Amino acid sequence: MAEPMKIRATLEGDAANIKVLMNHVMETGQRKDAKTGQLVPAHFIQTVVANLNGKVVLEAQWSQAVSKNPFLGFKVKGAKAGDKVNISWVDNKGEKNSADATVS
Amino acid sequence: MNSKRRSFLKTAGTAGSVAIAAAAGLIKPTEVLAVEWNKNAFAAKGVPDALKAVGAVGAADSKDILIKAPDIAENGAVVPIEVTSKIAGTSAIMLMVEKNASPLTADFNLSNGAEGYVSTRIKMGQTSNVRAVVKAGGKYYTTTKEVKVTIGGCGG
């Protein structure tokens, strides 16, 4: 199930440096279960959307090859302290998660 | 006529109709991307097919793209990668691991003030070139950096 996401958004000059840590297994579908010898089905985040004050600033599409508990860092120009950041993702099983933070 | 050609034509047709709908203002391009995961591009085997699937065939080599990654990654399951594009008007950054079964790893679309910079962590099965592809002003630019992997991060 969807675990909380950690977001840190700090102002550096006139740009917000936004760092996100998501909780997800990011299963490739290539790994075998040690006990059963069966392939563990793929389970990974496919799309990520980041908003700043309601405007889309980043849209990502990911493959299985993004590491477990994915990290995402990006920078947005023209941001101010107090701006609202929203990050959301959807995985290949349709599970979703979303979190908010404030630029400081 | 083989089946590959058929599926390619089918894909091209679908992509075309989406572009037409977007141009007609029926749907905003951002909304298309938000819901659509480019299955064909992520399934592509080998860099040439992946480049074709994202429409970046003939991307020009550029020294204005910097890939920050370890020269040697001890753990292929977690390889930190940072891409900075100094190309004006950078609107997308893609990451490909040339020797992974499916090279395309991530595709970042940047808008509304997002800078030409992304940072993430990826899995690498073996020592390989990591390729960054940047879209700017409708054109594609690319560069690579080799990362040596001592323990693979896929399967196991």
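**How chain A meets chain B**

This is a predicted model. The contact draws 32 residues from chain B and 32 residues from chain A.

Reader: How is the size of an interface often given?
Author: As the accessible area lost when the parts come together. Between chain B and chain A, about 2800 Å² is buried. Carbon and sulfur atoms give 51% of that area.

Reader: Which three residues supply 23% of the area that chain B buries against chain A?
Author: B:W37, B:R121 and B:K123.

Reader: Which elements of chain B each supply at least two residues of the side that touches chain A?
Author: α2 (29–35), β6 (104–110) and β7 (114–122) of chain B. The largest share, eight residues, comes from β7(B). The residues on this side of chain B divide into 16 nonpolar, 11 polar and five charged.

Reader: What makes β5 of chain A and β7(B) a strand pair?
Author: The cut-off is at least two bridges. Strand β5 (residues 71–77) of chain A and β7(B) are joined by four bridges, so they pair. The two run antiparallel. At one bridge, A:L72 has B:T120 as its partner.

Reader: Why is the pair of A:F44 and B:W37 called tilted?
Author: Take the distance first. The ring centres are 5.7 Å apart, and the limit is within 6.5 Å, so the rings pair. Now the angle. Planes under 30 degrees apart would be stacked, and over 60 edge-to-face. These planes stand at 55 degrees, so the pair is tilted. The count of aromatic pairs over all chains is two.

Reader: Where do A:F44 and B:W37 sit?
Author: A:F44 is in the loop between β2 (15–21) and β3 (45–52) of chain A. B:W37 is in the loop between α2 and α3 (39–43) of chain B. The pair crosses between chains.

Reader: How do you know that β6(A) pairs with β3(A) and with β7(A)?
Author: Seven bridges join β3(A) to strand β6 (residues 84–91) of chain A. Seven bridges also join β6(A) to strand β7 (residues 96–102) of chain A. At least two are needed, so both count as pairs. Each pairing is antiparallel. A:T47 stands opposite A:V90 in β6(A), and A:K84 has A:T102 in β7(A) as its bridge partner.

Reader: What do β6(A) and β7(A) form?
Author: A hairpin, with four residues between the strands. In the turn, A:G94 has a positive phi of about 85 degrees.

Definitions and conventions
Residues are numbered from 1 along each chain as its sequence is written. Chains are lettered from A and ligands numbered from 1 in the order in which they are written. This is a predicted model: local features need pLDDT of at least 70, side-chain atom pairs count only at pLDDT 80 or more; totals for chains, interfaces and linings use all residues. Side-chain values use heavy atoms; hydrogens and water are left out. Contact means heavy atoms within 4.5 Å. Buried area is the accessible area (1.4 Å probe) that two parts lose on being put together, summed over both. Ala, Val, Leu, Ile, Met, Phe, Trp, Tyr, Cys and Pro count as nonpolar, Asp, Glu, Lys and Arg as charged, and the others, Gly among them, as polar. Rings of Phe, Tyr and Trp (its six-membered ring) pair if their centres lie within 6.5 Å; planes under 30 degrees apart count as stacked, over 60 as edge-to-face and the rest as tilted.
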